[in-house]
Amino acid sequence: MDIRATDTPRLDWTGDGLAIGLFEDGLELTGDLAQLNEKFGGILPELIAETEFKAKEGSTASSRIGVNSPVRKIILVGLGKPEAFKLNTLRRVAASIARVAKKEKCKTLGISLPVWNEDPAQTAGAIAEGIILALHQDNRFKSDPEDKPPQLEQVDLLGLPGQEEAISRAQKICTGVILARELVAAPANEVTPITMAETAQAIASEFGLAAEILEREDCEKLGMGAFLGVAQASDLPPKFIHLTYKPEGTPRRKLAIVGKGLTFDSGGLNIKVAGSGIETMKIDMGGAAATLGAARAIAQLKPDVEVHFITAATENMIGGRAMHPGDILKASNGKTIEVNNTDAEGRLTLADALVFAEKLGVDAIIDLATLTGACVIALGDDIAGLWSPDDSVANQILAASELAGEKIWRMPLEEKYFEGLKSPIADMKNTGPRPGGAITAALFLKQYVKETPWAHLDIAGPVWADKENGYNNSGATGYGVRTLVNWVMS
């Protein structure tokens, strides 16, 4: 699919489908829209009336135009209220247009949407992202896919000349989002610690990153007892993955992105029971998927920032070698942990990964993890929780997420709650009381970052969608990749 920026007016465009965005208060046909209506034989008022089109955000109405018309189909799409128009509106609206164009079997599509905030580059990028992500299909595991690939071959973004670079940037970012989606969506017999390491090495090979894969013995030498405690029951070897992107010349800053990489979480000896969602626990590497997706995108965008991408990849399984509830593990910074719940394993792997990241001497660290059900209870399925003791880093991430359209809410790091993690026989327990469970999880992670500005994202909710939502289809969303890219590029 070729997405092009063009200065062709919508009055002059020719092709299969022409999509026009309208605000709720903009259904009166004036100016060139009135001329277009006249050119199409007065079809627009009739289409609006017959479909009761009110221009609610993402709503659509389409109709065939006369046989001899230079445009085969007209597509109206709602932009909602003008005061609520955001950059993410464009992504969602573009997704609606793309799905209608696919249904109407359009090979060529012209899109006429307003410019957001007088910024044609952001506008073109957002529209391109919405189209690409909405049309992405993951049919890898179907022998005879019912959902056939879209026929759309060419998309013209009307009134946005000279935005080829913005479109190219969006396309590169989307390759990272799609990689993250496909990693999360794949079953645990396909995505393992071994294949995660292979994926990282493939990214490094294709885009010129440095790749370091630490084996079990390497992790033992570094004292990663928390990570290896989780890994010890699995028949598959753990893989500690470290990719490094370095720009030409002196980097403007150095950053680390750490993703939780549990390729399957059985709960360990605190096994997840029926009804607990154990069959969905292939998604417990959503943080690592976003990390690798961001690596793929950033390696193509080539910012003047050094970035380290880190994940401690393993399974959390059950067996004769499994860690027991009550065991004491020692992390690589020397802190001891009483394991009072083997199903709170992600924070154990992140502990050693955060210690590793800080030793790299970076300017800031962000970790992403499908860490707690408590965060989903607090914020629902669409919003990630953000914890950070550093206002500057927190504000950077919130700004990056706003541009990405990925919802984040900053949560409190209530130090008093750490009392619930204290152990009589070790430095801390790995879980605290049920109330404030997402906060105590963040406080646990905080013990493994001494001085570096750090932020934690709990993405347990938005990493997966049960139904189609905007430019996300049902299933894995690739959440976090675009926020991470924006943060690095800022």
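Trainee: In β15, which residue is the bridge partner of A384?

Mentor: This is a predicted model, in which local features need pLDDT of at least 70, side-chain atom pairs count only at pLDDT 80 or more, and totals for chains, interfaces and linings use all residues. Residues are numbered from 1 along each chain as its sequence is written, and side-chain values use heavy atoms, with hydrogens and water left out. Strand β14 (residues 384–387) runs parallel to β15 and is joined to it by 3 bridges, where strands are DSSP runs (E, at least two residues) numbered from the N terminus and two strands pair if DSSP finds at least two bridges between them. The partner of A384 in β15 is I408.

Trainee: Which strands stand at the edges of the open sheet, each with a single partner strand?

Mentor: The sheet is open and mixed in its pairing, with 8 strands in the order β7-β8-β10-β9-β13-β17-β14-β15. One side of each edge strand is left without a neighbour in the sheet, because each has a single partner, and these strands are β7 (210–214) and β15 (408–410).

Trainee: At roughly what angle do the axes of helix α4 and helix α5 cross?

Mentor: Helices here are DSSP runs (H or I, at least four residues), and their axes are lines fitted to C-alpha atoms over the stretch in contact (heavy atoms within 4.5 Å), with angles running from 0 to 180 degrees between N-to-C directions. Residues of α4 that meet α5 include A121, A124 and G125. The axes of α4 (residues 120–135) and α5 (residues 164–185) come within 8 Å and cross at roughly 35°.
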